[in-house]
Every structure is written in structure tokens, then in C-alpha cells.
Amino acid sequence: GHPTNKQSLDTMWNPTTILIAIGFILVTAIFRSLPSSLKPIKKPRKANTMIVLGSGGHTAEMFNFMETIDIQNLPRRIYIVAESDVGVNGSEAKANDFENKKKRGGNWSVVRIPRSREVGQSYFSSIFTTLVSLAHSVLVVWREKPDLILTNGPGTCVPICAAAYPLRAFGIKDTRIVFIESIACVEHISVSGKILYHLVDLFCVQWPNLVPKFPKSVYVGRFKSPNSTSTSTFKLKSTGKLGYVFVTVGSTRFDDLIERVDSQNFVDFLKELGYTGLKIQRGRREEGLKNITSQPDFQVESYQFKDSLASEISEAGLVVSHAGAGSIVESLKSQRKLVVVPNEALMNNHQLEIANEMEKLGFSFSAKLSDLDGKLSLTSVIQKAHNFVPKNFPAEESSEFRDRLAVLMNFPLL
């Protein structure tokens, strides 16, 4: 006899057919979510924006770029910070400072999620912490449904961007994702950048030599011409006397550097050069100084963190810094003589890249601790920096990022 309708349906919806149908739906959804598949935004609009903040230099860089944007185009701003980054010097405090200092208006909030990867954490263990972070990210992103996600590479950004893709895939929200690579990435892009390179709508780099290597990227660096830097030298901001030397290790722990400057011989050397004090920001190192104290003609101060290091840097006669992007840029913006000491213990060490590049361009001196054990000494490098007049470093971000973002989002003219 002929097959019944029930038999026809059973044949149609057998397990293989169901799997093929599900696969087709998923593949279609994935292609719909890719940057190349999203339609341009035709109607001018403002954007509720999720801003992913990292720790230390990542946060400082993000706010430098945020300063270039007309904040009225971002009426609601949701700052994403890691749960472990909420101290007095953490990203949450810096977000509060950024919003409150100029009373920017609009609506804003801070949301904490578990960090996907701590500094120095192994890749294997980070798989599990990333999954936990992803679960929290899905809840946050699907609740807020942002028009725009801005990030510049902290590990927290990967789960947040991944959580936005289902919104795009199923037509719930065409959230646009913008990635700004750190200025610390001179020759290579970060791990986060490699993961997200083909998945974001705008991929920005801050060194022109990265564009040929990553053709989808756009250059948004500080230098007005992507092929050259300023050759003029700046006039150092005078603090009257030479003042103090400021040593900073940022938000990490860098015992090797702290132990080298915690020396009476080092203090005597600074006194011979004419400096009147030494301030040391120790980061995560809880132990204080062991070998030096204040003297009548030379003040010594040591602490872990402060709300802001901007004033400490701008008033220093010379800065000795780890090679964190935030500390380097702040020092050069403040027109301070700078010695950069990369922390070679960190994984994927972009610190070496930025330290070497800044020295090559004539902005600062660099000194690897491994070299200091041999042919060089920290004092000899500081002696060179003491007599050095650096080239001019642009104090402000260029308008390129602002303009690219405005085109992508079709911001209204204000």
C-alpha cells in the first residue's frame, strides 16, 4: 500500500534530517552575525555602549580614546570591570573618576564580572575561568543589549564579545564591536586581538607597521602621519629643581626592579646627580623598603597604590617605569625624562616591544634587567637619561578613532 501521512512525516523528521536542519540554522545564524553580513546603519542614531575595561594601562588607554568621542552620542554607558580590579587604583574607581570629574551627563553604571584570565595565569587554567566569565557575560550582554561594544584587549573582553554574537545571529540586536589594540603591541597583536580580529566590525591599531600585517585593521595612532613621527624635541616642563625620581611598577608586581632601587648606593648616586628624593610605587608588593629611609637632604617615600599617579609623574624630575603602556604614555604626555624597564617575567611580553620602539624613536631609554646584570647598570642608564632631551610625544590621541567610530555607528551631527 501507499505510505500514510504519519509515515511520510516520520521519514521527513528522522534524526539525520533534524541534525541537518539544526546545522543549517546555526550556519546561517553564524554568517548573519559576521561583520561582513551586517548592513550599514543608515539612520543616524546614538549608541548605548558597553565599555570593557582592563587593569592598569588598558584602562588608561581606553579613557584616552573616550576623551576624543562626543559623549552625547553615548547616552548610556555600561563599564565592564573584572571582580578583582575594584580597589582604590582599579578600573571601577577610574570609571567613576572619568564620569564624575567632568560631569559628562547621560546614564552610566559599572558592572563586575569574573576575570577570564589573570596576569601570568597559564593558558590551560584560563580555559575554565574563561567559561565562568562567559556565563556571567551572557547574562550582562543579553540584559543590556548594547548598540556598541568598545574594548582594547583585556582578557575580559573575549567573553563579552562572544556573548554579543547570539544577539546578532538571531536578529535580536545588531550590536557593533570595536577593538582597539594596545599601543604596547608594536610588532604583533595581543592574544585577544588574534581571537577577535575577524569577528569585530572595526579593528584599530596604534602602530602603522601593523596595517600591512593585518589588512583589516585601521591605523588610529597618535602620530598625525602614519609614516612618520615628530622629530622636534620638547622643552621639559620645569619643576624648579630637579626634584625627585619616581619609580613605578603599575598594577603588577615587579620585585626585581624594586629591589634594585632599594639601595643606599642608588640613593647616593641620585644625590650626586642633584635629585632630592625618591618615590617608589610598589604595585602588588606588600613588603616595604628594607635598605633606605628619608634623610635630611633626601626624602624617600614608598607605597603600593594611589588613586592617580598623574601628579606624581608630572612633578618628577625623572621617571623609572615598568613598560606598561599607561605609565609610558602618561610620562611622555607629561614631558618627563623616562627610563623604561620591561618586566620580562610577564607572558606574551609586549613590554619589550614598546620599550624598544620608544627608545628607537627617541622618546625614552630602555633597560632590560637581564642586561643590567652584565654590561649595563641601572645607574649608567639613568645617567644617560639625565642628560637626554627626548623627542616630542603627541599629548593627545588623534581624531582618527573618533571619525572611524562616527562612520561605523552613523552618529548624528551634534
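Visitor: Why is K145 called partly exposed?
Guide: The relative accessible area of K145 is 34%. Buried means under 20%, exposed means over 50%, and partly exposed is in between (1.4 Å probe, protein chains only). K145 lies in between, so the label is partly exposed.

Visitor: What are these values computed from?
Guide: This is a predicted model, in which local features need pLDDT of at least 70 and side-chain atom pairs count only at pLDDT 80 or more, while totals for chains, interfaces and linings use all residues. Residues are numbered from 1 along each chain as its sequence is written, and side-chain values use heavy atoms, with hydrogens and water left out.

Visitor: Where does K145 lie, and what is its phi?
Guide: K145 is in the loop between α5 (123-144) and β4 (148-151). Its phi is about 45°, which is positive although K145 is not a glycine. Most residues other than glycine have a negative phi. Q335, also not a glycine, has a positive phi near 60° and sits in the loop between α12 (325-333) and β12 (337-341).

Visitor: Why does N64 count as buried?
Guide: N64 has 19% relative accessibility, which is under the limit, so it counts as buried. Contact means heavy atoms within 4.5 Å. Not counting residues up to four places away in sequence, N64 touches R222, V329, K333 and E397.

Visitor: Why are α3 and α12 called oblique?
Guide: Their axes come within 7 Å and cross at roughly 50°. Axes are lines fitted to C-alpha atoms, for helices over the stretch in contact, and angles run from 0 to 180 degrees between N-to-C directions. Angles under 35 degrees count as roughly parallel, over 145 as roughly antiparallel, 65 to 115 as roughly perpendicular and the rest as oblique. The angle of roughly 50° falls in the rest, so α3 and α12 are oblique to each other. G57, A60, E61 and N64 of α3 meet A325, G326, V329 and K333 of α12.

Visitor: How is that contact divided by class?
Guide: It has three nonpolar, three polar and two charged residues. Ala, Val, Leu, Ile, Met, Phe, Trp, Tyr, Cys and Pro count as nonpolar, Asp, Glu, Lys and Arg as charged, and the others, Gly among them, as polar.

Visitor: What makes α3 roughly parallel to α4?
Guide: Helix α4 (residues 91-101) packs against α3 at an angle of about 20°, with the axes 11 Å apart. That angle is under 35 degrees, so the pair is roughly parallel. The contact joins T59, F63 and M66 of α3 to S91, K94, A95 and F98 of α4. Its residues are four nonpolar, two polar and one charged.

Visitor: Which hand is the crossing of α3 and α4?
Guide: α3 passes α4 in a right-handed crossing. A crossing is right-handed if the near helix is turned clockwise from the far one by less than a right angle, and left-handed if anticlockwise.

Visitor: Why is G105 called partly exposed?
Guide: G105, in the loop between α4 and β3 (107-113), has 38% relative accessibility, so it counts as partly exposed.

Visitor: What makes a set of residues a nonpolar core, and how many residues has the largest?
Guide: A core is a set of buried Ala, Val, Leu, Ile, Met, Phe, Trp, Tyr and Cys residues joined through side-chain atoms within 4.5 Å. The largest has 53 residues, and those with the most contacts inside it are I80, I354 and M358. Helix α6 (residues 157-169) supplies the largest share, eight residues. A second, separate core of 30 residues includes V249, L278, V300 and A385.

Terms used
Helix = DSSP H or I, 4+ residues; strand = E, 2+ residues; numbered from the N terminus.
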